[in-house]
Amino acid sequence: METRIRRIYVRLAGLLLAGAVAAPFSSAAIAQSDQELDDIISPDLERREIREAKIDSEDFEFTLYLGGILSVEDFGTDRMIGGSLAYHINEDFFMEAAYAQSTLGESSYERLSGSAPLLTEDERDLSMYNLSLAWNFLPGEIFIGSKFALNSNLYLIGGAGNTNFAGEEHFTYNVGAGVRLLAQDWLALRLDVRDHIFEHEIFGEPLNTNNLSAQLGVSIYF
């Protein structure tokens, strides 16, 4: 009996010793197999660095017109000042409330006829406000040189509002287009061109007029 127990003990010891010796070789073999598998599966591609678009996630945009001109039909072209507040509904659409002021010059009738002025100085002050909906129809990038690019958005915009001049208020439609360049995630440069369409009777008969404006502004997101 004692002899049998000794034999079993010797066999177990032999098995444990054999496992301990073979373990390093097994790990090495598995590692080599994994490396060969990686070499077969892994594509030989050079990963390029990706920069995230510098578009702020804030929804509100305040724009101050740094320079603007307004051409009122029959009254010439004059400087325009103003600003706007926009709410971005999503990546494609935004709503905007805008306000602007200008001072009109003499009409073509006044200059050619030499008659008495049609409007007083106060009546030549023009102000307008409107509420518009815009569609960002072409987001992309505008390259400045070969290495520098700015995120951009081309948009179409249209809405309605009111124009006050010549002592009267005129219901006004506006349609136009613009481009927005994002210099930082909170700062953008905007160029906007619009046609303000309204009717007046300054010359005695109803006259539907197209009045163009162009404004360059700086926008801040918050």
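The model is predicted, so to speak from the start: local features need pLDDT of at least 70, side-chain atom pairs count only at pLDDT 80 or more, and totals for chains, interfaces and linings use all residues. Residues are numbered from 1 along each chain as its sequence is written, and side-chain values use heavy atoms, with hydrogens and water left out.

**The barrel**

Let's begin with the fold. In the order S1-S2-S3-S4-S5-S6-S7-S8, 8 strands close into a barrel, and the pairing is antiparallel. From one strand to the next, the twist averages 25 degrees; the axes behind that value are lines fitted to C-alpha atoms (for helices over the stretch in contact), with angles running from 0 to 180 degrees between N-to-C directions. Strands here are DSSP runs of E with at least two residues, while helices would be H or I with at least four, and both are numbered from the N terminus. Two strands pair if DSSP finds at least two bridges between them.

| Pair | Bridges | Opposite residues |
|---|---|---|
| S1 (residues 60-72) and S2 (residues 76-88) | 9 bridges | Glu61 and Ala86 |
| S1 and S8 (residues 207-221) | 10 bridges | Gly68 and Gln215 |

**The salt bridges**

A salt bridge here is a side-chain nitrogen of Lys or Arg within 4 Å of a carboxyl oxygen of Asp or Glu. By this rule the count is 6 salt bridges. One of them joins Arg190 to Glu61, with the closest N and O atoms 3.6 Å apart. That pair links distant parts of the chain, since Arg190 is in S7 (residues 187-200) and Glu61 is in S1, 129 residues apart.

Arg190 also meets Glu96 in a salt bridge at 2.9 Å, N to O. This pair links distant parts of the chain too, with Glu96 in S3 and Arg190 in S7, 94 residues apart. For burial, the cut-offs are under 20% relative accessible area for buried, over 50% for exposed and partly exposed in between (1.4 Å probe, protein chains only). Arg190 counts as buried because its relative accessibility is 4%, and Glu61 counts as buried because its value is 0%. Glu96 is buried as well.

Then there is Asp192, which forms a salt bridge with Arg194 at 2.8 Å between the closest N and O atoms. Both of these residues are buried. Through shared partners, salt bridges join Glu61, Glu96, Arg180, Arg190, Asp192 and Arg194 into one network.

**Two residues to look at**

Leu66 sits in S1 and counts as exposed because its relative accessibility is 55%. Leaving aside neighbours within four places in sequence, Leu66 is in contact (heavy atoms within 4.5 Å) with Leu216, Gly217 and Val218. Gly83 lies 17 residues away from Leu66 in sequence and 8.9 Å away in space, C-alpha to C-alpha.

Asn162, in S5 (residues 148-165), counts as buried because its relative accessibility is 10%. Its side chain makes a polar contact with the side chain of Glu169 at 3.0 Å. A polar contact means a pair of N or O atoms within 3.5 Å; within protein, one must be able to donate a hydrogen and the other to accept it, and residues adjacent in sequence count only if both atoms are side-chain atoms. Not counting residues up to four places away in sequence, Asn162 touches several residues, including Ser127, Tyr129 and Phe171.
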